[in-house]
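Here are some notes to read alongside the model, for anyone opening it for the first time. They go from the sheet to a helix, then to charged pairs and a surface patch.

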Amino acid sequence: YREALKSVVCEGDHVADLGCGVGVLGFFCLEAGAAKVWGIDHSDAIHLARDAAERAGYGERYSCIGKSTFQTDLPSPVDLVICDHVGFFGFDYGIIKMLSDANERLLKPGGKVMPQSLDIMMAAVSSEACRDLAGIWSSTIVPEQFHWLDEQNRNSVHPYRYSPDELISGEKRIGHVSFCEEAPEGFSFQTTLEIDRPGRVDGFAGWFDCHLGGEIRMTNSPLSDARIERQQAFLRVARSFMVTAGAAVPI
């Protein structure tokens, strides 16, 4: 993020940091030449951001707002909106709605956004550990009266850290989201995964490949040596099924 912001922030920019946490990205913006940063966060972390800004001597250059970004109004539109809520699947922390709202209300016409876009990646999974993770409610350690929760749990997204040998297909981009454009009400993606080796499909892995700015990208792909150390997503199928190499699996 620090390197990407150096290529995006212009001298004198005003910046809004959505879900700023303790203020790290906002401080990077000030280092890169921004004149003013608004750190916005409805959690208790905003108090730490305020203390950190005072200790760093940023004074009025860094201002904290302890609200949801959707309830925040700024004195004037900003030149750049930034947000690090990409989660582990890219959109699971609500970044799409946050940036869409901020683009409409907080950003100057022609202003900049970071991240700029998001690619959603998936692969087929064969993993006993993932099966156990998603099937915990039907296991013997859970009283039988609660086994009905298994269906709901299978339809949830589970964070998991994959090793490459748990992926039974190559990765494939299933969707692209541009944060520089107005977001639609919803997204629907379809694709087909080609199986690399015979085995059992237990579900699907999901992760992100994010364009931050300039030439800088960020990914948590288990297949990338340059990945950030963040978990990926597991989505379990209703029933595991066997496949042969070369089989096409639609999702």
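1. First, a term: two strands pair if DSSP finds at least two bridges between them. Helices (H or I, at least four residues) and strands (E, at least two) are DSSP runs, numbered from the N terminus. With that in hand, look at Ile82, which stands opposite Met114 in β5. Strand β4, residues 78–83, runs parallel to β5 and is joined to that strand by 4 bridges.

2. A word on what you are looking at: this is a predicted model, where local features need pLDDT of at least 70, side-chain atom pairs count only at pLDDT 80 or more, and totals for chains, interfaces and linings use all residues. Residues are numbered from 1 along each chain as its sequence is written, and side-chain values use heavy atoms, with hydrogens and water left out.

3. Now the whole sheet. What is the order of its strands? The 5 strands go β3-β2-β1-β4-β5 in an open sheet with parallel pairing. At the edges sit β3 (62–65) and β5 (107–114), each of which pairs on one side only. From one strand to the next, the twist averages 25° (axes are lines fitted to C-alpha atoms, for helices over the stretch in contact, and angles run from 0 to 180 degrees between N-to-C directions).

4. Helix α2, residues 24–31, is worth a look next. This helix lies across β1 (14–18), β2 (36–40), β3 and β4, and runs at about 175° to β2. Contact here means heavy atoms within 4.5 Å. Just after α2, Gly33 has a positive phi of about 120°.

5. Is α2 mostly covered or mostly open? Mostly covered: 6 of its 8 residues are buried, where buried means under 20% relative accessible area, exposed over 50%, and partly exposed in between (1.4 Å probe, protein chains only). The buried ones are Leu25, Gly26, Phe27, Phe28, Cys29 and Leu30. They pack against α1 (2–8), β1, β2, α3 (45–56), β3 and β4.

6. On to the charges. The structure has 15 salt bridges, each being a side-chain nitrogen of Lys or Arg within 4 Å of a carboxyl oxygen of Asp or Glu. One of them joins Asp79 and Lys108, at 2.9 Å from N to O. Asp79 is in strand β4 and Lys108 in strand β5, so this pair links distant parts of the chain, 29 residues apart. Asp79 counts as buried at 17% relative accessibility, while Lys108 counts as partly exposed at 36%.

7. Asp101 and Arg105 also form a salt bridge, with their closest N and O atoms 2.9 Å apart. Why can they meet within one helix? They are 4 residues apart in helix α4 (residues 95–105), so about one helical turn separates them. An α-helix has 3.6 residues a turn, so residues three or four places apart point the same way. Asp101 is buried, at 16%, and Arg105 is partly exposed, at 31%.

8. Asp119, Arg173, Asp209 and Arg217 are linked in a network of salt bridges. Within it, the closest N and O atoms of Arg217 and Asp209 are 2.9 Å apart. Arg217 is partly exposed at 43%, and Asp209 is partly exposed at 23%.

9. Last, the surface. Ile136, Trp137, Ile141, Phe146 and Trp148 make a nonpolar patch of about 550 Å². Patches are made of residues with over 30% relative accessible area and no salt bridge: like charges are joined within 9 Å, nonpolar side chains (Val, Leu, Ile, Met, Phe, Trp, Tyr) within 5 Å. Areas come from the Shrake-Rupley method with a 1.4 Å probe; for residues, only the protein chains shown count as cover. Ile136 is in the loop between α5 (128–134) and α6 (149–154) and is partly exposed, at 34%.
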